[in-house]
Structures are given as structure tokens and as C-alpha cells.
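Here is a brisk report on one protein chain and its ligand. Have the sequence and the model open as you read.

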Amino acid sequence: MPAVRASNLYKVFGKRAPKAVELLSDGRHRDEIRELDVTAAVIDVSFEVEPGEIFVVMGLSGSGKSTLIRMLNGLLPPTAGSVEVDGTNISALPKRALRTLRGEKISMVFQHFALFPHRTVLENAAYGLEVRGVPRAERHERARHALGLVGLEGWEDKVPQQLSGGMQQRVGLARALTADTDIILMDEAFSALDPLIRRDMQTQLLQLQAELGKTIIFITHDLNEAMRLGDRICVLRDGRVAQIGTAEEILSQPANDYVAQFTEDVDRTRVFTASSVMEPPIPVIDPGHGPRAALRTMRENQTVTAFVVHRDRRLVGVVREEAIGEAVRTGVKDLEGLVVADVERVHPDTAVADLFQQAALSPYPLAVVDDDERLVGVIPRVTLLAALAPGASEDEQAPEGADDLVAAAAPNGAARSEGADGSEGGQR
Ligand SMILES: Nc1ncnc2c1ncn2[C@@H]1O[C@H](COP(=O)(O)OP(=O)(O)OP(=O)(O)O)[C@@H](O)[C@H]1O
Ligand SMILES: [Mg+2]
């Protein structure tokens, strides 16, 4: 069961809202129904958020983000459509039940912190529990714990004014964590913060999420923030969903020109990971095979390098056709001794941006190995470059001179010559 499900949600402000919904559901743009004197803030929005997911809603100012999130926690009734939280249709709930559900299942973190200026940090963090009637000692204990989680230990007795913006936002986050709801809604929660502090907060949110497994719906108008945080991103345009997908899907397969334009300036090397650009390791060589068999395999696949892996795909190293050919000529029977064990290994989750230096240093494709040392893919240098092009897809060729660019991208411009002997052409 999804944690949150929005089904054909509409929010139209104004007297003639029902008529507006009718026209909008026929596909009219909100500007086309001006004569009704309504504001269509959210139009036919549907999505499901899985438990433990970070779902980001992204869109320009006025695209309907805040209106949408207020419907998700029942603060605003939808004009049409429904919101389900853990399978319960919240629009159908009586007021009191809705309030209980909000207290127990959903907390909200706002852009402007929404802290009580005369209460201490501890009391602010404990506020959600206070509303729920949790006894003072217990709520303070839980608030203390949450403040510890966000790095505010020792600040419990200060008042918000004595804290920096970033710290105040941590109090807001601690309040949500103290309430210990499964779902946290965050509306532009980091938008008022300085870039560096904002990045810190993003990192911390990702860490907390990994530890606590909360379901987070995060609103932002910042695409880079969306890409960094979101397991999936919902792009809103003028109240409607333009696209829902992972950052990679949105970058590599934008649903329309609007999304494509929107994503033009995104630093793709930070979004794409090794696993998204790697290629299948073909062929692989069994360490038990002799040079002759290895040579045959490589020739059949027209490669000049090949990775050597155990049956369970644990990586041993790499062999080169030259060396193998020589071994066959001189009657060497064993592959051992021909295998170069010292190959550059990267984790599947490594950002592409962090692959360039290793790629430039290595005469071989990068070996992508998982936590169990198993080879899951390979990344020839040209593949890295192909990943940078906007809208790049798998069948696109790397631009000419790609290797030079990769080498140039490496700090200190190291090791150009080593890689220039064509030894990695074999993976193409
Ligand atoms: N209570 C209201 N009454 C009338 N119109 C409203 C109301 N709340 C929002 N709107 C309108 O709905 C549209 C969407 O507003 P909303 O606040 O949801 O956008 P947003 O994406 O959150 O924008 P921002 O990034 O500026 O916060 C806007 O045109 C806004 O003026
Ligand atoms: Mg808003």
C-alpha cells in the first residue's frame, strides 16, 4: 500500500470551481478558463508515494506546490479527486479524526521555520507532542533525542532568535522527528538558507532518511535540490503534472520540451551514477581457463582487453590481448601471472563526476564492483562523455575527441599518454 496516494486531485479557488474542473478535465489550460474568474492551482494530479520514499514536488512559483501539499495533509479540501494516507481517504474523515491522523501520521516542516519565538528550542521541538497531550517529561525526552539527531545537542534552552537560520530549520526538522510520524511534508524547507548550509541540510536529511526510513514529500523550486534528494520527482507546470520519474529518467527521457528546457542546466555528472552509465562486461574470462581459451574468447568478441572474474563474478583483474597472445606463442599454460589485478574499481553508486579522475588514470575501462566485489559493469572512457550530453541515450555515440576531454577533465591532467594506446577500445 502506498503511504500517500493522490488521485485526480484538483484545487480550484473561486465560486465557479465545479465548472472549472469540468473544463480542465477536458484538457483546457488554466489560462483558457479566465472568464470563470477562478484560480486553478492544482489540476488533475495523480501519484503514489511509497513508504520510505523521498518524493519531490518541483515547479516554478505559482505552479501549485504549496496548494498540493496542503491537500495531502487535509488542511485544504480538494475541489475534486482524493487523497489517501495509508489507504484511508482523508477527505471522507470527520474533522476530529482528520486532526488525529495529522498528529499521528503526518508532520510538516515549513520554509520560514514556524517556531515560537518565546519558547525554548526544546519546547519548540516538543510542540507536536504537546498538542497530542503527551506528558511533559516524555515529550521533552523525545525532543531531546530528536535535537540530538539534527546536531543541536546543547542548544535546548536557547530561544530561536539565538540560533542561525540553518539551526532554526534544524529545530523545525527536529519537531517533525519528535512527533515521530511516518510521513514528513516539507514545503521549501531549505529555500531560505545559504547555499552551503542548504547543502549541509540536504546531506543531513538524506542521512536521517536512510536511518529512520521516513516517507518524505519535499517541495522545492530548485531542480538541483530536487535531483539530489528525490527518489522520484514530480515536475508541476501550471498546476498540472509535467512528468514524474527518477532524476535520471527526467534527464534522459524528458516527457516534453518544457521538462527538457527545465533540465538543460542540470549538472548531469552529479545525477548520473556509475550504474547508470556502465555497460555489461562482455566478455569475461574465467581465471581457470588457459591463455589459449582466453585469446579465443577475446578474438570472438573483438576486444583487446577483458575482465577476469570468478564464477560468482568476483573480480580478479584484467588481461590484454597482447600479453595473452605472447603467452600463447611462448607456450605459457596458465593465465595466472598475466592478469593485471591493479584495476580501478568504482562502486555502482558513485556519481559520474567522481569517475573522471580514475578514468583518466586508468588504461582500462573502470570496473564497477558491488559491495561483494562482484563485477557488475564496466565503464570505458568514451561512455563517460556520452553521459554528459543533454538527453543522452544509450545508443548515442560519444563525441569525437571524447578521450581527450576526459583526460583534460582530470585534475592535474594526469596520465594522458598511458591511456592513449587504444587499449580500452575493446569494450566498444
Ligand atoms: N487561498 C487561495 N485563494 C486563491 N488563490 C490561491 C490560494 N492559494 C493559492 N492560490 C493561487 O494558486 C496558485 C498556486 O499557488 P501555490 O502557493 O500553490 O504555488 P507554489 O507552487 O507553492 O508557489 P511558490 O513557489 O511561490 O510557493 C497561485 O496562482 C496562487 O495565487
Ligand atoms: Mg509555495
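Over residues 278-335, what are the percentages of helix and strand, and how far apart are the end C-alpha atoms? The chain there is 33% helix and 22% strand, and the end C-alpha atoms lie 26 Å apart.

## Ground rules

This is a predicted model: local features need pLDDT of at least 70, side-chain atom pairs count only at pLDDT 80 or more, and totals for chains, interfaces and linings use all residues. Residues are numbered from 1 along each chain as its sequence is written, while chains are lettered from A and ligands numbered from 1 in the order in which they are written.

Helices (H or I, at least four residues) and strands (E, at least two) are DSSP runs, numbered from the N terminus.

## The chain overall

The secondary structure of the protein chain comes to 19 helices and 16 strands. Along its principal axes, the C-alpha trace spans about 85 × 55 × 40 Å.

Of the 428 residues, 40% are buried. A residue is buried if 20 or more other C-beta atoms lie within 10 Å of its own, exposed if 12 or fewer, and partly exposed in between; C-beta atoms are placed from the backbone. Two residues are in contact if their C-beta atoms, placed from the backbone, lie within 7 Å. Among contacts between residues at least 6 apart in sequence, 64% join residues at least 24 apart.

## Domains and records

The domain assignment gives domain 1 (4-272) and domain 2 (275-427). Such bounds come from an automatic or database domain assignment. The C-alpha centres of domain 1 and domain 2 lie 43 Å apart.

UniProt, in an unreviewed entry, lists residues 4-263 as "domain: ABC transporter". It lists residues 278-335 as "domain: CBS", also from an unreviewed entry. UniProt positions are given in the numbering used here, feature names are shortened, and annotations may be inferred rather than shown by experiment. Over residues 4-263 the chain is 40% helix and 23% strand. The end C-alpha atoms of that stretch are 27 Å apart.

## The nonpolar core

A nonpolar core is a set of buried Ala, Val, Leu, Ile, Met, Phe, Trp, Tyr and Cys residues joined through C-beta atoms within 7 Å. The largest one has 115 residues. Val56, Ala174, Ile217 and Ile379 have the most contacts inside it. Domain 1 (4-272) and domain 2 (275-427) both give residues to this core, so it lies between them.

Take Ala174. Leaving aside its neighbours within four places in sequence, Ala174 is in contact with Ala125, Ala143, Ala146, Leu147, Val150 and Leu152.

## Two sites to look up

Glu48 lies in strand β2. With 16 C-beta neighbours inside 10 Å, Glu48 counts as partly exposed. Apart from neighbours within four places in sequence, Glu48 is in contact with Pro2 and Arg5.

Gly331 sits in the loop between α15 (321-329) and β14 (345-346). Gly331 is exposed, because 7 other C-beta atoms lie within 10 Å. From Gly331 to Val4 is 327 residues in sequence and 66 Å in space, C-alpha to C-alpha.

## Backbone exceptions

Most residues other than glycine have a negative phi, and most peptide bonds are trans. A cis peptide bond joins Ile282 and Pro283, with omega about -5 degrees. Pro283 lies in the loop between α13 (274-277) and β11 (284-285).

Asp86 has a positive phi, near 50 degrees. This residue lies in the loop between β4 (80-85) and β5 (88-89). Arg313 has a positive phi near 75 degrees, and lies in the loop between β12 (305-309) and β13 (315-320). Arg313 is partly exposed, with 16 other C-beta atoms within 10 Å.
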